[in-house]
Amino acid sequence: MKEDTRKAPRVGLFVTCLVDLFRPTVGFAAVKLMEEAGCAVEVPMAQTCCGQPAYNSGDRADAAAIARQVIEAFEDYDYVVAPSGSCAGMLKKHYPALLRGGAWESRAEAFSGKVHELVGFLVDVLGVTAVPAAHRGSVTYHDSCSGLRELNIQAQPRRLLATVEGLDLKEMENADVCCGFGGTFCVKYPDISNKIVEEKTACIAAAGAETLLAGDLGCLMNMAGKLHRQGSAIKVRHVAEILAGMDDTPAIGGGGR
Amino acid sequence: MEVSSPQFKQKSRKALADEQLQRAMGKAKAGFIGKRRKAVDALPEFEALRSSARAIKDHTLAHLDLYLEAYERKVIASGGRVHWAETAEDACQAVLDICRAVGARTVTKGKSMITEEIALNDFLEKNDIRPVETDLGEYIIQLRGEHPSHIIGPALHLNKEQVEEDFRRVHDKLPAGRDLSQPESLLGEAREILRPQYFAADVGITGANFLVAETGTSIIVTNEGNGDLTQTLPRVHIVVASIEKVVPTLEDASQILRVLARSATGQDTSVYTTLSTGPRRPGDPDGPEEYHVVLLDNGRSSMLGTEFHEMLRCIRCGACMNHCPVYHAVGGHAYGWVYPGPMGAVLTPSLVGVEKSGHLPNASTFCGRCESVCPMQIPLPRMMRHWREREFERGLNPATQRFGLGLWAFFARRPRLYRLATSLTIPALSGLGRRTGWFRSLPLAGGWTRHHDLPAPEARTFMQQWRDRDTRKQEGGVA
Ligand code: SF4
């Protein structure tokens, strides 16, 4: 990396639990993209999960404890970035709501101002207009719900994908409709979730692209798991992997390295 | 109406396997969404209108008692009567008393979700009064002995062939060879059958989309015109409406009307918007001799000032369910009470208790599409989460769920321990899944692997690998 005369913004990477456990490649792709854009990226060790499983199950006490833990670990960075619209939305939109009316209210508000979803951060904050990546093949992009509706992530990934050499974006129908994941929803109501993801995989297949991309690993694992069960050959990746030029690694479910 | 929401899972499984229902839902979904989109795109000020509609209701709810009293004064001044009903039973009784006082045998009804909520038809029938539904959809489901599956399209779950079959079965005096293959011919036949009923009825009952405090007017919007006939032809008109329907002025009502039809059916405005104020005055060419309003609370006033307060802005347009992936998958009957979809998932626990309807606020992916289309900007997912919190506080969720969550939270709140545990289990799991990269089944993951495969973890955790990178860096290696 070239030395810059300006001070590089310090970014705390919120890895997200699913990336940490299931697909570290996404974390490394995020680091690469932000370092190339001139950031100094650090990964605080005191992170586990954003707390959504508790928050969305009505367990406010545990969710609030986790929120305080995350804020403590990250509040000194210039920016806090997560490769997930859902977790970034939790940190940015829901922590302040969760900690409202207590001693942590102002800290949560200040923290919220620093939080960004990865691709939104690259485009809207860092002003990245192109990535030096190449990918021979066609992709289709699914808009994950929280990123789309809580953080307005829709144009940014498409803008950057358009600059990937050799990449052909084939939009699917209903790209902005839920894939049926919903965190614990998909195991609490598996049959309903299944119906929703079947509608999704039908749209994905109809798009005729070789690879499916999205910005949230939960949704990606849901769609990938269904596509694989259906015997589909469509590969599934996090959008950051393609933007970072890391398409040489196996796709989701493609075996360990 | 009996609350069968505890059977949500069984009912939804049945709905998922019902091919006819799935076809009907598929059709309805595409229609509603496309039409709303078009109507909204054609009106640049739509977003601004949403905000002002919301502000009108917020203001009204903040002064609900004042506006209700003002409304009552105006109704009385125009010659009508207001009957306050705290519960569903009170409302049914009020309607029955009015019917009895005029010796009514038959009542016609315009489409009304409130009368579904208080189960008025059953009550009247038990008391030897025959209710006749005049909205086509309501008429059909009354013939079938069913309940509405959608708040603006009660018979949404049915297809034309089923309706034809019902009509041939019930209208057995009509020629067997008649053509009923088109929706228009079905509508025509229903009209023929219903026409004499309007004249036979002693009482006409309608709901209300708005109650206007300024004038004492009730407003209904319909597409078939049946509501007009219901309220003008019989001798007595009863409006059954809940307290949150009140708005301050006619101007306010017309502002909200601009978002209502667009959100509901994608029409700029419904075919009929009917205002009624009091009984017939001397010199009026038509209108009822008596005009009554039954004002129902049924738990709504206890929502005021709680985290469910904003739900009282709802104008029953149906947009939230029209855009809900869960509603699309299982249809309205699976929800097990009067109100389905996202608005039902919030309202049902408020009205019948969360211990009976806990599935409803849980059966949501929180995709947020409902909130994004709701003309009244009601934060539906947030309120569903509040219901989950109430359930959790009261220990209503299943023990296995609480145990799993507790175990997870124990680790999630202890980063060191969490890292230790995951750095042992994840590489092991990754090794197990290495051959194919997938698990087809896995202990404790049955909810997942019933319908999809689970990708094996890539390798060691990100945190483990990151540490190595840091160590290499410090030792002078290249990152
Ligand atoms: S909650 Fe909103 S979208 Fe749903 S019926 Fe009520 S007003 Fe319409």
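**Lining of the largest cavity**

I sorted the lining of the largest cavity by class and got 13 nonpolar, 5 polar and no charged residues. My classes: Ala, Val, Leu, Ile, Met, Phe, Trp, Tyr, Cys and Pro are nonpolar, Asp, Glu, Lys and Arg are charged, and the others, Gly among them, are polar. This is a predicted model, where local features need pLDDT of at least 70, side-chain atom pairs count only at pLDDT 80 or more, and totals for chains, interfaces and linings use all residues. Residues are numbered from 1 along each chain as its sequence is written, chains are lettered from A and ligands numbered from 1 in the order in which they are written, and side-chain values use heavy atoms, without hydrogens and water.

A cavity here is a set of points, on a 1 Å grid over the protein atoms alone, where a 1.4 Å probe fits but cannot get out; lining residues have an atom within 4 Å of a point. I searched the whole structure and found 7 cavities of 30 Å³ or more. Grid points are joined across faces, edges and corners, and a volume is the space filled by probe spheres set on the points. The largest cavity has about 120 Å³. I listed its 18 lining residues; nearest its centre lie Cys324(B), Pro342(B), Ser364(B), Cys370(B) and Met384(B).

Helix 14 (325-330), helix 15 (341-352) and helix 19 (380-393) of chain B each give two or more residues to that lining. Helices are DSSP runs (H or I, at least four residues), numbered from the N terminus. Helix 15 of chain B gives the largest share, 3 residues.

**Ligand site**

Where does the ligand sit? I found it in the second largest cavity, by the test that more than half of its atoms lie within 2 Å of the grid points. That cavity has a volume of about 90 Å³. It has 14 lining residues, with Cys314(B), Cys317(B), Cys320(B), Cys374(B) and Ile378(B) nearest the centre. I count 12 nonpolar, 1 polar and 1 charged in this lining.

Around the ligand I noted 14 residues (a heavy atom within 4 Å). Cys314(B), Cys317(B), Gly318(B), Cys320(B) and Cys374(B) come nearest.

**Domains**

I took domain bounds from an automatic or database assignment. Chain A has domain 1 (10-124) and domain 2 (130-243). Their C-alpha centres lie 22 Å apart.

Chain B has domain 1 (43-296) and domain 2 (416-478). Here I read 59 Å between the C-alpha centres of the two domains.

Key: On a 1 Å grid over the protein atoms alone, a cavity is a set of points where a 1.4 Å probe fits but cannot get out, and a pocket is an open set with protein on both sides within 12 Å along at least five of seven lines; lining residues have an atom within 4 Å of a point.
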